[in-house]
Structure formats: C-alpha cells, structure tokens
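Let's walk through this model from the overall layout down to the place where its parts meet. Have the structure open as you read.

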Amino acid sequence: MTTIKQLPEVLINQIKAGEVVERPAAVVKELVENALDAGARRVVVELEQGGLRRILVRDDGRGIPREELPLALARHATSKIASLDDLERVASLGFRGEALASILAVSRLSLSSRTAVEPHGWRLGGEGGLASAEPVPAAQAQGTAVEVLDLFFSTPARRKFMKSPGTEARHVETALRRLALARPDVAFALSHDGRRLLDVEPAEDAAANERRLAAVCGAEFLANAIYREAELGGLRLAGWIALPSFSRAQPDLQFLTVNGRGVRDRLLGAALRRAYADALHSTRHPAFVLALTLDPAAVDVNVHPQKTEVRFREAARVHDFLFGLVHRWLRELRPEPEHHHGV
Ligand code: ADP
Ligand code: MG
C-alpha cells in the first residue's frame, strides 16, 4: 500500500527550482532580468568558481522596500503582473514570481536592497528554501544586490551535473552578452575569479553602439556584418546580419530578441537558416544580432519557466516576415546578374 501525501513547501520549491535554474548561467539571467526590470543603468556580475561557489549580481535600480523583502523571496509573488490581462501584454522580463524563491531553494542567498527614500539598506538572507525571519540593516547604495553562495548545495544530484568552473563561466558570459545586446542603454560588467570577462558602457549613439557590438560579438563580426531595419504591418526587424562569407562552424553568434527578450525559437531559427540557405554550405552557421518587435499581445511569453521560448499568434506571418527580409538583404549584397532583354 502507498499513501498519497502533500509535499512540504520547501521540497516543492526544491523540485520546481530545477526548471528555473539549471546552472549558474540561468541564475545570472534571472537576476540580471530583475535588475533590468527595476530600471537599472548599471549591472555588475561577479563569479567565483564558475558561479558554483559564489554569484553576485548588483544593480542601481529602484530597490525593494524593507517590508517587501520577504515577499520578494516568496514563490508566486511578483510586482510585475496582477491579472491575466497584464500577462497578455507583459512588458517586463519577469512575471512568474518564482526566480528568487527557486534560487533560495537551492543555495545560500542574501538579498540586500535600498530604495531612494530609505536612509540605509536592508538585507534578508536564507538557505535551502527558508528565509530568515527579519531583514537586518545593511550598508547598501540605492539598488539591489543578490549574493548566491554554494549553488545546488541542497540538491547534490543537480550539483553533480555541473561542468568545470571555466565552462560554467563561459555559459554565464554568453547569457550576459545576450542581455547586453538586448539592452545597449545599460552598462554591464562581468568578472570571474577576479578576471574581467565583459565590461561595456551604455551606448549613447550609433557609433558607440557599434563599439559595444564589437566588444560583445568581436570586431571581426562587426567588420563582416551589415545593419538593416524594416517595418511591415506591425512587425519590425532591426540589427546586423553577417555576410555569408563570415559563416561559423558553430551557431555561437546568433542573437535574436523578441520584444527585448532573448529567445531561442525553433520557428525563427528555421526562418533564418532558410534565408541563408542559398548562400551558405549546409554545415555552416550564419551569424546575426537581430531584434524583432511586435505587439506584445501577439506573443505568448508564458510557455516555459525559463522564458526563452515564445509562441506567436500568427506564427506563419512572423516566419515569412523574417525569412523574406533577411533573404532579400542577403540577395541585395550579391552583384546583380546581368539582365539581357533581347536588345
Ligand atoms: P519576477 O521577476 O517574476 O517578478 P522574481 O522572483 O524574479 O519574480 O522577483 C520577485 C520580485 O522581487 C519582483 O517582482 C520584484 O518586485 C522584486 N525584485 C527582484 N529583484 C529585484 C531587483 N534587482 N530590483 C528591484 N526589485 C527586485
Ligand atoms: Mg524575475
């Protein structure tokens, strides 16, 4: 005989945490998205041992009032949506209210924050899913700092799946580059064991934006890419596509955002591959940094706990728009074949 038992909250959170935070890069993505949602102008990320020992994400955003710190760590608690209607047109990166709770479930976490009206900051810590009872005063500039120690200490099965610190740090770096490309107006810094991996200032104009692109994607990408933008029937596409001659052995320079959210979308990926198909050997991968914008109500972002997948109301139209444009832009690059009209 077996009996059905309701699982305790802490255990539920530890199980659920696996969906949201699979590795240090996912933790950093969630924490940086929170910083961006809080209006941060500068986001600083520090890692030790690939983030497995320590992750710190610090921002200068609006902060969290003392009395809301416990709620910030609670599951399904969010300031970003209040109704299903809000979810329909969500503009923030977060909305599920489970990132901090998930990270707390699998680490030793400390959340420090200070709003503009508070004379000093407050800190609330916790570990393995349990937050301490009361916030304590903390030295903190306006904004928020989240420190995550000993990730997955409470879930050894997950911990075992982590790669070397160097590999985990590279995943973090890729995640941060993605976010930096999506938000050229924000400064980002990343260090690993004291070594700088990324350091970009906000881009004030087009030239500064290109310098940032070179810093994030490499000068070689920039030298081999063209900038294009176009808009049609409520869909807008803007960004850089690399010349087919700058193809890659790996799909490691493919950055696509949908309404400012970095996504890995099968449909859009296929559209871009098809657009390059004439010009590229089938074993090579194109490189691009593209931003797609459309009415938020035409996209469902609530598909996956990590929010890297989206669904489109008019998927075929979005596919054709992306394919059609990139295909045309690439064709325009090639010299026109001579036309003879029989004269
Ligand atoms: P979500 O982002 O989906 O709302 P999270 O668990 O990531 O859920 O965060 C919970 C809440 O904590 C957020 O809705 C926000 O109000 C607050 N919060 C988290 N991080 C920050 C931050 N860096 N700055 C300001 N507020 C934050
Ligand atoms: Mg969040």
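Domain bounds here come from an automatic or database domain assignment. On that basis the protein chain splits into domain 1 (9–200) and domain 2 (219–333), and their C-alpha centres sit 28 Å apart. Keep in mind that this is a predicted model, where local features need pLDDT of at least 70, side-chain atom pairs count only at pLDDT 80 or more, and totals for chains, interfaces and linings use all residues. Residues are numbered from 1 along each chain as its sequence is written, with chains lettered from A and ligands numbered from 1 in the order in which they are written.

Now for the meeting point. Call two residues in contact if their C-beta atoms, placed from the backbone, lie within 7 Å; then 14 residues of domain 1 touch 12 residues of domain 2. On the domain 1 side, helix 1 (9–20), helix 4 (84–88) and helix 7 (165–182) each give at least two residues, and helix 7 has the largest share, with four. Helices (H or I, at least four residues) and strands (E, at least two) are DSSP runs, numbered from the N terminus.

Zooming out, the protein chain holds 11 helices and 16 strands. Its radius of gyration, taken over C-alpha atoms, is 22 Å, close to the 20 Å from the globule rule (2.2 Å times the number of residues to the power 0.38) for 343 residues, so the chain is as compact as a globular protein of that length. The C-alpha atoms fill a box of roughly 90 × 55 × 40 Å along the principal axes. Of the contacts between residues at least 6 apart in sequence, 66% join residues at least 24 apart.
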